[in-house]
Amino acid sequence: MNMKRIAVITAGGDAPGMNAAIRSVVRTALFNGLEVMGVERGYTGLIEGKMRSLDIRSVSGIINRGGTMLRTARCEEIKTNQGIQKAARTLRTHKIDGFVVIGGDGSFRGASELYEVSHVPVIGVPATIDNDVFGTDTTIGFDTAVNTALFTIDRIRDTATSHERVFIVEVMGRKRGFLALAVGFAEGAEFILVPEIKFNLASICRKIKLGRKNGKTSEIVVMAESAGDSSLIAEQIRKRTEYDVRLTVLGHALRGGPPTAQSRILANQFGALAVHFLLEGAEKSMIGIRGQEIVRADLDDSWTRKKDLDMQIYRLAEILSF
């Protein structure tokens, strides 16, 4: 196919570094003589035909901004055959020869199904703070979310120590515990609760009591939102230990803020390679990083296969926690 015009979309939840990825896609495409269209408001905008032309100035001054200049939205209609047909019609109407989808596994599922109907080559650029996309060690935005959480928990630890409290800190992770594990490990949390691993509250409380007996004065528990009811867990620990237990839910604050250097560098590389892969004739792929190498992965694997939690890191966190 003679590639002349491509489109770029940010779909699903926003992640810091999405703007940097958009910028990289646009400027790399323009450098290679391609036209670029931006889809507004994710798959909802694609279905509604909301696209606009992007030039070099369109993406000026956004590399350091969180969120996405194209905006995004959750879209249930893209999960239906009718929605896919409407989205394919938009691509045909605007004469799109290649499609770059910046998002997570749910966005890639939509992209894969859209390719089967439209036959427009599609490249997935993984951007999600959950880091749950199979085929890549890390995703755009994950490092930023980890550091945003650490910034807050470092301060929580100060007050936990001063008041001899147990703090439960809930981080995002609707289905998986990658963010909680990374945050808890980097923070030196006494306990990390993730949905992939069963935990026993009675055992946790016994360890807290033993730690206090041995001179500890405070504890940090980092948990993924999908690991359980944080309010109930905090109350149970309070009742079983009779210690002062407080709960902090970090929530959507983890999605925002300027991307870290790592998130920006990854976005620059992923965005540029997405364009190069389209020019090389790739039809349905995803950009990924494994070790230090950036690779082309199977787009379907990204949403059909389950990424494993790093159990070595989890066990090491347990060893270092007390």
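**Exercise 1. Find the residue that follows helix H1, and describe H1 and its surroundings.**

Helix H1 is followed by Gly 33, whose phi is positive, near 80 degrees; helices here (H or I, at least four residues) and strands (E, at least two) are DSSP runs, numbered from the N terminus. The model is a predicted one, in which local features need pLDDT of at least 70 and side-chain atom pairs count only at pLDDT 80 or more, whereas totals for chains, interfaces and linings use all residues. Residues are numbered from 1 along each chain as its sequence is written, and side-chain values use heavy atoms, with hydrogens and water left out.

Step 1: H1 covers residues 18–31, and its 14 residues reach 20 Å from the first C-alpha to the last, close to the 20 Å expected at 1.5 Å a residue, where the expected span is 1.5 Å times one less than the number of residues.

Step 2: Since 10 of the 14 residues of H1 are buried, the helix is largely enclosed by the rest of the structure; buried means under 20% relative accessible area, exposed over 50%, and partly exposed in between (1.4 Å probe, protein chains only).

Step 3: The cover over these buried residues includes strands E1 (5–10), E2 (35–39), E3 (51–54) and E4 (98–103), together with helix H9 (261–279).

**Exercise 2. Identify the residues with positive phi that are not glycines, and state how accessible they are.**

Step 1: Arg 71 has a positive phi of about 65 degrees although it is not a glycine, and Arg 71 lies in the loop between E3 and H3.

Step 2: With 45% relative accessibility, Arg 71 counts as partly exposed.

Step 3: Lys 95, likewise not a glycine, has a positive phi of about 55 degrees and lies in the loop between H3 and E4.

Step 4: Lys 95 has a relative accessible area of 64%, and is therefore exposed.

Terms used
Contact means heavy atoms within 4.5 Å.
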